[in-house]
Amino acid sequence: MMRTSDLISSAGRALRANPMRSALTALGVIIGVASVVAMVALGSGAQAQVERSIASLGSNLLIVVPGAMRGGGGVRGQAGAGGGFDSLTLDDAAAIAQLENVAVVAPSQRARAQVIANGANWNPEVNGVTPDFLIARDWNIAQGRMFDETEERQARRVIVLGNTVAINLFPNMDPVGQTVRMNGGTYEVIGVLESKGQSGFQDQDDIVLAPLSTVKRRIAGRRGRGDTVSQISVKAQSEDVLSRLQEDVENTLRQRHRTREGEDDFTVQNLSSISETMAQTTGVFTALLGGISAVSLLVGGIGIMNIMLVSVTERTREIGLRKALGARQSDILHQFGLEAVTLSVAGGIIGLVIGVAGAWGMTTLFNLPLVVSPLNAGLAIAFSGLVGVVFGAYPAWRAAKLDPIEALRRE
Amino acid sequence: MALIEANNLTKLYRMGDETVHALAGVSFAIPQRDYCAIVGPSGSGKSTLMNILGGLDTPSSGGITIAGNDIGEMSDDDLAVFRNQTIGFVFQSFNLLPRLTALENVELPMIYGGVLPKERHERAAALLQRVGLGERMGHRPTQLSGGQQQRVAIARALAGQPALILADEPTGALDTNTGIEILGLFSQLNKEGATIVIVTHDHDVARATKRTIEMRDGHIVSDELNDRSARHDANV
C-alpha cells in the first residue's frame, strides 16, 4: 500500500512533466470557477443592494398613496372609478391611527420648490410632514433638531434639510440657524438629516422637510388646499402584524371612501413584501447566472477527463510496470485520481482568485456592494474538487483495470 | 521443499472458436539458489509460464507454489503484494521510468512496499553500489547506456529482497559484450544466494546458467543441467 506522501509527490511529478498540458487542462476549471464565483458575487451584490435600499425607507412600514395600483404597476388617476390623487385626507390618517398594532401614522404632502440661499439655488422635493415622519421612516437628525408638534400646528417657517441639499446650499458652513428663501418666503433651517443614500435611481437625501401645515398653506399651492395629503406612512408595532395591519388599513379606507374591493381609490404598499419579492427575483437571477456559469465548469471537467484518458493511454507501459512491481489496483486508482483532483482543485483556487477579482471590478463599475461569503468560496473549491473526482474517476478506473501483461507489451 | 513447485500446469486461451493450449500440463520444481533458463521459440509457452511464475497471470488448472504462496488461489491485490515481496522482474527493454533518477527507479518497488523514505534511499543506494553504479545514482535513464540501464533494472529487481529474480530476455536489447557482462552479474548474484530464472530464446544465454528447461508447444521437452565447460565458454 502506497503512503499518502508518496502518492502526492508522484502526482505532482506527473503533472510537472507536462506543465503546458496541465496548465491548459486546469484553465477549463479556472474559467468555470471564476465565472461561477464572479456571477454569484455580482448577483448577491445586486440582491444586497435591493434589500439595503428598501430597508433604508423604513422598517415595518406601510405606505398609503392615492389612486389604485394596477396589476401592471401604474397608478390610476382621476379618470378611475373611485376618485384620484385627492382621495387621501388627514381624517383618513386619524382613522388609521385608531387601529390596533399601529405604532406611528405620519401623513405627508409632497411639493417642489426652488430653495435659495447665499446666492445658490436648489430644486429639491419639499415634503410637508409631522414630527412622527422621522420615526416612521427610521430617520435621524444629524445636526440641530426636528420641528415639534407646536411648530407644526402653528405652520412655522422652519425646515430640516436633507444631506444633499445642505451640502449644495451651505458647502462651507453649518446650515443650522441659516435662512433660505422658498416661494418668496423666508425659512429658518433648524436641522440637517442623516444621509440615507441612493434608493434605486433616486437620491433620498435630496429633500427638504417642513411642517405639513406650512407646506399645505404656503408651498403646495392649489393641490395643498383642503385637508388632502399625498401620502400616509404607517408604521406597525412589529413585522408580524404588518400584513394584518395592511388589511385593516385597506378595510378602514374602503369603509370611509365607500368603495368596494377592486374599486379602491388608494393603494397600500407593504415594503417588506416588496422587498421580499425583489430579493426573490434577484435571487432567481443569481441562481440563473450561476447555473449558466456552472456549465463552463462542466466543460472544464470534461477537459480533465479527456486529458486524463490521453495520459492513461500514453502511460500504459508505466502502469503495467508499476503493477508488475507491486502496485495494487487501488494504488493506480489513487494515483490517477489524485492527478485529476490536483488539476481541478488548483484550477478552482486560481479561478476563485480571478472570480473574486472580476466580481470586485464589476461591482465597482456598477456601484454595487461586493458580497463574497467564505461559504461560497469554500463551496467553489469543494465543487471543483468534486469535478476532479467525478471526471477523473473513469480514466483512473481504466488505468487501475489495465492488464499488466498487455500493458507491458504495449510499445 | 523447493522454491517453485509446478504440478501439471495448463493455460488455455480462447481465440475465436479455437482453444489454444499455451501450457499443456507442465510440471517441474526449482530449488532455492538455482540459476536456470527457460528456452524455446516464440509460441512455445515460455512467456505464459513466466507470467504465471511472476504472479502476473494465473493458470487455468494445475497447482503452483512459489515460496509457499499458492498462486492459483490469490486475489488481484494478493498477487500485487506477492509480486512486490517475492518477485524481482528484469525486462528486455529495462522499463525504467524516464522521469525518475536511477535511485528513484530502484526505490519504486519499495514505495509500493510501504518502506519509509530514509530506509528506501539507503537500500537503493546500497543496491546501485552493488551493481556497480554507485557513481550514477542521480542520472536519469536517458543519461545511461543500455548496460547501465539494465544494471539499474537489476538493482530495482533486488529492492524488495525477493525470493526469485525473473528475467525476460535480459540481454535481448544489449550488444554481445554488454550481454555477457549482465549474465556475469546474474552469476555473481546467484553465487551470493539469489534464485534466478531467465526466459530466453537464445541458447547461448541459456548455456550461461546452471540448468536449461526447453519448451515447445506448451510442453517441457527437456530439462538438463548445463556442464561447466559450456558455461565457462559463454562467460568468456
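How many residues does the contact take from chain A and from chain B? The points below answer this and go through the rest of the model.

1. Basis. This is a predicted model, in which local features need pLDDT of at least 70, side-chain atom pairs count only at pLDDT 80 or more, and totals for chains, interfaces and linings use all residues. Residues are numbered from 1 along each chain as its sequence is written, while chains are lettered from A and ligands numbered from 1 in the order in which they are written.

2. The contact between chains. Chain A gives 19 residues and chain B gives 19 residues; two residues are in contact if their C-beta atoms, placed from the backbone, lie within 7 Å. On the side of chain A that touches chain B, the elements giving two or more residues are helix 1 (4-17), helix 10 (316-324), helix 11 (329-366) and helix 13 (404-409) of chain A. Helix 10 of chain A supplies the largest share, five residues. By type, this side of chain A has nine nonpolar, two polar and eight charged residues. Here Ala, Val, Leu, Ile, Met, Phe, Trp, Tyr, Cys and Pro count as nonpolar, Asp, Glu, Lys and Arg as charged, and the others, Gly among them, as polar.

3. Overall form of chain A. Chain A has 13 helices and 14 strands, which are DSSP runs numbered from the N terminus (helices H or I, at least four residues; strands E, at least two). Its radius of gyration is 33 Å, well over the 22 Å that the globule rule gives for 411 residues, so chain A is more spread out than a compact globule. The radius is taken over C-alpha atoms, and the rule is 2.2 Å times the number of residues to the power 0.38. Along the principal axes, the C-alpha atoms of chain A fill a box of roughly 105 × 55 × 35 Å.

4. Domains of chain A. The assignment, automatic or from a database, gives domain 1 (4-53 + 277-409) and domain 2 (88-264). The centres of these two domains, taken over C-alpha atoms, are 56 Å apart.

5. Two backbone points in chain B. A67(B), not a glycine, has a positive phi of about 50° and lies in the loop between strand 4 (61-66) and strand 5 (69-70) of chain B. D217(B), also not a glycine, has a positive phi near 50° and lies in the loop between strand 9 (211-216) and strand 10 (219-225) of chain B.
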